[in-house]
Amino acid sequence: MPSPLLALAALLAAPVLAGDADFCIGGTVVNALTGEPLARAAVTTPQSATMTDAAGAFRFCGLPAGAYYANAERPGFAPTGVRVTVGPSRDDALIRLQPLTVVSGKVLDADDRPLENALVQLLSISTHDGRRKVKVQSAVTTDDRGEYRLAGVPPGRYLLRAAGWQGPTASEKPPDSSRNFAPVYYGGAPDLASATPVTVEAGRDVGADFSVTLETSHSIHGKLAGFSAVLPTKIELLGPEGDLNAAPFTFNAATGVFQVGNVAPGSYILRATQGEGDQRLRGEQALQVGSADVDDVLLTLAGAVVLKGAVRTADATGSSSQPPSCAVQLSPAGASMSEEAAIESSTGDRGELEIAGLLPGRYRLRMDCANGYIAAAHAGETDLLAQDELLISSGMAPPPLEAVLNTDGATVDVTASPEAEGEPLTAWLALVPDSGNELHIRFTILKGKVSISGVAPGDYHVFAWTGSPYAFEYANPAARQAWSDRAASVHVAARDHQSVAVKIAAGDSP
Amino acid sequence: MPILLAWLLAAGTQASGYRIAGTLVNSLTRQPVAGARVTVAPVEHPDQQIPFVTGQDGRFAFAGIPRGRYELAAQRPGFLTETFSGAIVAGPDQRTDAIVLPISPPGLIAGKVVDEAGEPVALALVQLFDSAIVRGRRRLVSFAVKQTADTGEYRFAALPPGTYYLAVSGYPWYTKFNQTHGDSPPRAITHTGYGIRYYPNVADAAAAEPLNLKAGQDATADFTLLPVPAATVQVHVEGGEDLAKQFKLAAAGLPGNRVLVRQGTEAGDLYNFWGIPPGHYTLRVRASDANRSWYATDSFDVGATDTDVNVALLRAPSLAGSIVLEAGGSLPPNLSLQLLDTESGGSQSVPIGADGKFAIPAMAPGQFGVTLAGPVEYYLKAWSAEDGHREGETLDIQESSAVRLKLWAAKGAGRVNGTVLRDGHPVAAALVVLADPANPENSRATRTGSDGSYEFTGVPPGAYALFGVADGADLEYADPAAIRPYLGSAQKLRVSPAGAYTNRLDL
């Protein structure tokens, strides 16, 4: 044991010298649910690593005085760290590991026979810009018993779906290769909108079986126009939510002829992409697969276009006004499972805009300006304050985006109080206009109180919640409706200064 | 389709043609198998299949079949897809209407991989090797690789009966701290690996035993991986900057084969393998973009200390060359060069132009057998390679090499046919060996059809020994020692150019 004098010396010494490294961190790693000690867990500090013994105990020595993160890890548990200060030594560090969950089950056909090589996906639910965003977190295929197993799932809310049949395996050859099933969510829902989330709790394994109906599947035949013979080609079939169907495809780079095979009946968007990044060529077409092959599809590829425009300040009275400074974001609209990333840009010195890399499709526009609010925004005929989506057409330069910035916005001071005593004062805050206009939504972090300036005149609801910033779909009218009783309302006029108090809700989406 | 129709119509021109019929049974229970797809196709045209779906009684029947040799196959979900060895011969006086076809339920090899404390080892690589007679020698062929689940479990389902070997490699999950913590934690954490284990859970490859899987059998093979001091292998790759690279590290293991120790994908130029036990290893790196591939190979020893390995990605090798007729004259159409990958067993067909030239602009490196395919009266007489190593009958093609191949073909291949009899009765599915004593690697074998008949075509002129074996499934007919017992009673045969020989073989 180091003497108090040495400990003092260690605290005073800077920089730390080797001779000062005399302290130990000792402790125990336990299962957070049961309290049982965990043997053979790895405990690490940035400098060293050790394994726990049979009693779950660990000990590091030779440490200079100071604060350390001791991180514990073991297969089947979520890694967890604790902050430990030594000088003097400590032997009471307790690291509690939450067990991860296993989600497993079977995929059976209509005759209750196990289906081998069915794709099962675990989808995480979060939000992006206040809208639900569903992402494939992990995916597995069923084995010869029709069984699947997703291990190491952290607690949370998920969707689970059987996404399709990956084709025949060694034991099952052609007789059935022209069959497939339409994706089905756990619980039986056929689409994302009606699917019920599965709640995964730490250490409580989830059993989820699927019953699927194999139907005669079909092929899609067609030709690409405007393709490059040298760029790598990807032909994808997307479901209504932008989810990828794992259908196999063939493409002849000399003739442009393609085929997508083993497609279950349903509505799809056929998408062809060549190349990468800004150089991509893309073509999309909606199509319906019914009781026959789909023939003679002509898909025309076009390159990304540049959206130009400008933001000007409306009430620029004299030369003293600052130029507009706005962050602009265009994210693919409509598809909550789309893997396409949002495209971001910002205004230049004189408010000019140039957003490159836009492939044909529908986009949602967000603009956040430092010194005001967007009072008007048009792209050609489209009034972007009345309509949220911007359509980028194939192969045509889009009309310029013209926006007007008003600097007569109001200031809203929000004070928040927790719903229950002792809960944290830090929360997420969304100020949403009753008009639903997304260009006027404000989203920020709130620590007890916050002042939001440059608010467009109008009626607003204010929402505050703890936990994940992604827990609440504030841009979704239905989600706002469900939370209306926990919102505060406020009316603001130009150059107003308003105060509003809001209760902080626990952050679970309704 | 039109071709199939053509030979059906041809059959119709005969009074009735012949009939191939019988019952499909489960090889274990001998019960009829319903709802299976049975197909028959001429041996020379396996794509011209006629299908028949069996009813409740498991019966199948094909009527109006022209005289000839046919291949019979059956498939049904829940059973192995099987092509039956030995042709069905349709013709006058042939009894082909009471065939009993067995179809086998699939076998399974499953098990669990645990560590020294009995805890599951996830992400262990379980490799299944199939021991089979390939080109006359018993060889181990890599059959499949599976990764263990978080429970340490693996499954190889849908296996045909056979002789299998298993090898398991893996690494302790905690060696990953090598990456974040370097050498500062105890070496027991950052420098521990697992030695390879073989079925039946032994550490020494010489003590490995075969797992003889019967039809429909569920076999269990569990393994315990034991920790050993290990090193880190740091691979530095030159070239292929942003390309995704596949890394495969293999160790010598079972005879004539390698055991995959680790695999991974990385876009950068550095790849670290942690927890590699001392031994001799082979590293293979492959990088690809949309159109091209690059390769690197290196062999090295790993000892007690961390090892740096530097490899440079080299362009894919190319192969070009020409073929001439030994006696001069123009080449026949439809001649092609066959490259047989000795490791995977796969083959690649290279078309030969009318001028005798052929080329593959880019291919994967490897070792290949060289043969000729096309009109049966032509055979490969000799070949030589520039910028490619020839070892016996094998062509070794390495990264970035531009192999020039010269082939000499000759017209006048012989034909050897006949019937295998026992006590005056034809023996179906007997093995017939045409042994080449001067060059055992060129020995060939075939199976008799349902009428006991056999035929070899494209036989290069020379001296041969011809014999039949009733059950020759295990005979290494390209091994001089293995065929020696049969040579005493074998028929000595000298095949002259364009010679045709009919030989009755008595068992």
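The following exercises, each with a worked solution, concern a predicted model.

In this predicted model, local features need pLDDT of at least 70 and side-chain atom pairs count only at pLDDT 80 or more, whereas totals for chains, interfaces and linings use all residues. Residues are numbered from 1 along each chain as its sequence is written, chains are lettered from A and ligands numbered from 1 in the order in which they are written, and side-chain values use heavy atoms, with hydrogens and water left out.

**Exercise 1. Describe chain B as a whole.**

Step 1. Helices (H or I, at least four residues) and strands (E, at least two) are DSSP runs, numbered from the N terminus. Chain B has four helices and 44 strands.

Step 2. Along the principal axes, the C-alpha atoms of chain B fill a box of roughly 85 × 60 × 50 Å.

Step 3. A residue is buried under 20% relative accessible area, exposed over 50%, and partly exposed in between (1.4 Å probe, protein chains only). By this rule, 47% of the 507 residues of chain B are buried.

Step 4. Contact means heavy atoms within 4.5 Å. Among contacts in chain B between residues at least 6 apart in sequence, 66% join residues at least 24 apart.

**Exercise 2. Classify the ring pair B:Tyr271 and B:Phe273.**

Step 1. A pair of aromatic rings is described by the distance of the centres and the angle of the planes. Rings of Phe, Tyr and Trp (its six-membered ring) pair if their centres lie within 6.5 Å; planes under 30 degrees apart count as stacked, over 60 as edge-to-face and the rest as tilted.

Step 2. Over all chains, the search of the whole structure finds 22 aromatic pairs. For B:Tyr271 and B:Phe273 the centres are 4.8 Å apart and the planes stand at 65 degrees, so this pair is edge-to-face.

Step 3. Both B:Tyr271 and B:Phe273 are buried.

**Exercise 3. Identify what lies over the rings of B:Trp383 and B:Phe177.**

Step 1. A charge sits over a ring if NZ of Lys or CZ of Arg is within 6 Å of the ring centre and within 35 degrees of the ring normal.

Step 2. Over B:Trp383 sits the charged end of B:Arg390, 3.7 Å from the ring centre. Over the face of B:Phe177 lies B:Lys176, at 5.5 Å from the ring centre.

**Exercise 4. Describe the interface of chain B and chain A.**

Step 1. The contact takes 27 residues from chain B and 28 residues from chain A.

Step 2. Buried area is the accessible area (1.4 Å probe) that two parts lose on being put together, summed over both. Here the value is about 2100 Å², and carbon and sulfur atoms give 57% of this area. In chain B, B:Arg155, B:Trp173 and B:His181 lose the most area to chain A, together 25% of what that side buries.

Step 3. A salt bridge is a side-chain nitrogen of Lys or Arg within 4 Å of a carboxyl oxygen of Asp or Glu. The rule finds eight across this interface; B:Lys176 forms a salt bridge with A:Glu73 (2.0 Å, N to O).

**Exercise 5. Locate A:Glu438 and decide whether this residue is buried or exposed.**

Step 1. A:Glu438 lies in the loop between β38 (426-433) and β39 (442-447) of chain A.

Step 2. With a relative accessible area of 3%, A:Glu438 is buried.

Step 3. Not counting residues up to four places away in sequence, A:Glu438 touches A:Arg131, A:Arg364, A:Arg366, A:Asp388 and A:Ala475.
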